[in-house]
Amino acid sequence: MNTIRKSVQSKPWLGWFLFILTAVIVFGLGLLTSSIIERRTEAQYLDPKKIEIQEFEPRNIVWGQNYPKEYETYMATRDTSFVSKYNGNAHIDQLEQFPALVVLWAGYGFSKDYNQPKGHVYAVSDITKTLRTGAPMGTGGDEPMPATCWTCKSPDVPRLMKDIGVKEFYMGKWSKHGEEINNPIGCADCHNEKTMDLQITRPALVEAFERQGKNINDATHQEMRSLVCAQCHVEYYFNKHEPFEGVPYLTFPWDNGTSVEDIEKYYDDIEFSDWTHSLSRAPMIKAQHPGYELFKTGIHAQRGVACADCHMSYKSEGGVKFTDHKIQSPLNNIANSCQVCHRESAEELTNNVYSNMDRVLENRGDLEHLLVKAHLEAEFAWKLGASDAQMKAALMDIRHAQWRWDFAAASHGGAIHSPVETLRIIGTAIQRAQEARLKIAGVVYELGHKGAIPLADVSTKSKAQAYIGLDMEKLINEKKKFLEEIVPQWHDAAKKREDAMPQYDITTKAVSLK
């Protein structure tokens, strides 16, 4: 057997080849070692803390001085250009697109105005501009919304709760906190200012855990990457009796569990309703945004995936790996979200999502039209002289059917978070809507009406709003005056308050929306 020496002696070119190969390998290893050392050094000294962030610091741009990469990606939520097949983050008038919603919410604020949600950076401006919050002119007149409605909109909320107490924060009307809340959802809502650990800053989630015999402090870091979202992206209601009589205390109805049936039973047992429908007179429940509850029933949650894994995926720049705070649809960032686990192409993954959404939206649309007919038919029965006893069973069916529809619709992502459960819920709602219509038909027949029930033309947003009695021109003009006269006063007061807070030399590249 020839040794390397003999091979080289007989073939001199082989020696040169081995020499060059060894040199290339050594050189490559040297570059790799140098790169690792450089990246570690870069990660160690990049973006050192420049300031001491104060407790309950609400200004996101201040946090941005110590965490510029996270802040700059957070500010990218200003982008409203992404549009998917059904959703996205662009401005879409949902009532214009789905006029049936106007009838479903007749007598409730959402029938006036409901747009597709945008990024977190718009949280304060959107709630200020929506017609649902009215046009309070500071004259002590009636307002449609309580102060509690600010709870999920700003890091000024935990600051204010600390200053005046949770009870006082929830008391009164929405305009009460107009001068105090001006920073949109941001850093202090989810992070401890000293350690940057994730933390819960809203009492309702902690209280819901306690009523279930759980301690939220026992949650793992991975669980916290969903629970900080569950402070807001959940179903809730305003309890005006407990723990303080007359105070609309924000409460999660999880005492029986978090399924649509569990929460429905909770509301039925306490005879709770958000409003009485102005056409059918049914005692209605408005689902808020039960994204977390529905997400927990899906395959991603069962496999240990957290909200942040898909909506705030990791990002690398240089030697630094950090969480991308451009909170967004995974469809707008498939490579860093879906394809971390799934090996299919972006096109195939997108088509998988759209296929689920097609099925859900088709069935949900059918359900919406059934509910519209049920409300209009119930209105007709009342006009014929129906009694409360005759209508009670049908109205409970309407209540339950629309609650289940809303649970599926308001979850914002149920078609991907949990498509099987979403379709199941819609299926049970369709059954109840049909049962309501059959019962109403029986009442109408008893009252002497034969033949089809006449239904109003509510095929467009404007027709539907006019039918339910909304004076949209008046509402829009009142809001315009409020935005021009009152909101600038709020901004001036907020600036004066923040000018008295610790000031810093702002050097971060991204600028705050002011």
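## Links between side chains

Reply: K194 is partly exposed, with a relative accessible area of 45%. Buried means under 20% relative accessible area, exposed over 50%, and partly exposed in between, using a 1.4 Å probe and protein chains only. The model is predicted: local features need pLDDT of at least 70 and side-chain atom pairs count only at pLDDT 80 or more, while totals for chains, interfaces and linings use all residues. Residues are numbered from 1 along each chain as its sequence is written, and side-chain values use heavy atoms, with hydrogens and water left out.

K194 has a partner in E52, and their side chains form a salt bridge with N and O 3.0 Å apart. The term means a side-chain nitrogen of Lys or Arg within 4 Å of a carboxyl oxygen of Asp or Glu. The partners sit 142 residues apart, K194 in the loop between α9 (166–170) and α10 (203–211), E52 in the loop between α2 (12–45) and α3 (60–66). These labels are DSSP runs numbered from the N terminus: helices are H or I with at least four residues, strands are E with at least two. E52 counts as exposed, at 51% relative accessibility.

A second pair is D93 and K461, whose closest N and O atoms are 2.7 Å apart. D93 lies in the loop between α4 (68–75) and α5 (94–97) and K461 in helix α20 (461–467), so this bridge ties together parts 368 residues apart in sequence. K461 counts as buried because its relative accessibility is 16%.

Because K286 is in the loop between β4 (283–284) and α13 (291–295) and D406 in helix α17, parts 120 residues apart in sequence are tied together. Both residues are buried. The structure holds 30 salt bridges. Some join into a network, linking D156, R159, D163, E180 and R497.

Next come the nonpolar side chains. A nonpolar core is a set of buried Ala, Val, Leu, Ile, Met, Phe, Trp, Tyr and Cys residues joined through side-chain atoms within 4.5 Å. The largest has 56 residues, and W105, M391, I398, W405 and I440 have the most contacts inside it. Helices α6 (100–104), α16 (346–383), α17 (388–409) and α19 (419–446) each supply at least two residues of this core. Of these, α16 gives the most, 16 residues. I398 contacts S280, A282, M284, L371, A374, H375, A378, A436 and I440, leaving aside neighbours within four places in sequence; contact means heavy atoms within 4.5 Å.

The last kind of link is the disulfide, a pair of cysteine sulfur atoms within 2.5 Å. A search of the whole structure finds one. It joins C152 and C232, with sulfur atoms 2.5 Å apart. C152 is in the loop between α7 (123–129) and α8 (156–164), and C232 is in the loop between α11 (221–227) and β1 (237–239), 80 residues apart. C152 is buried at 16% relative accessibility, and C232 is buried at 16% as well. C149 is in no disulfide, and the nearest cysteine sulfur, that of C152, is 10 Å away. The sulfur of C190 is 6.7 Å from the closest one, in C229, which is too far for a bond.
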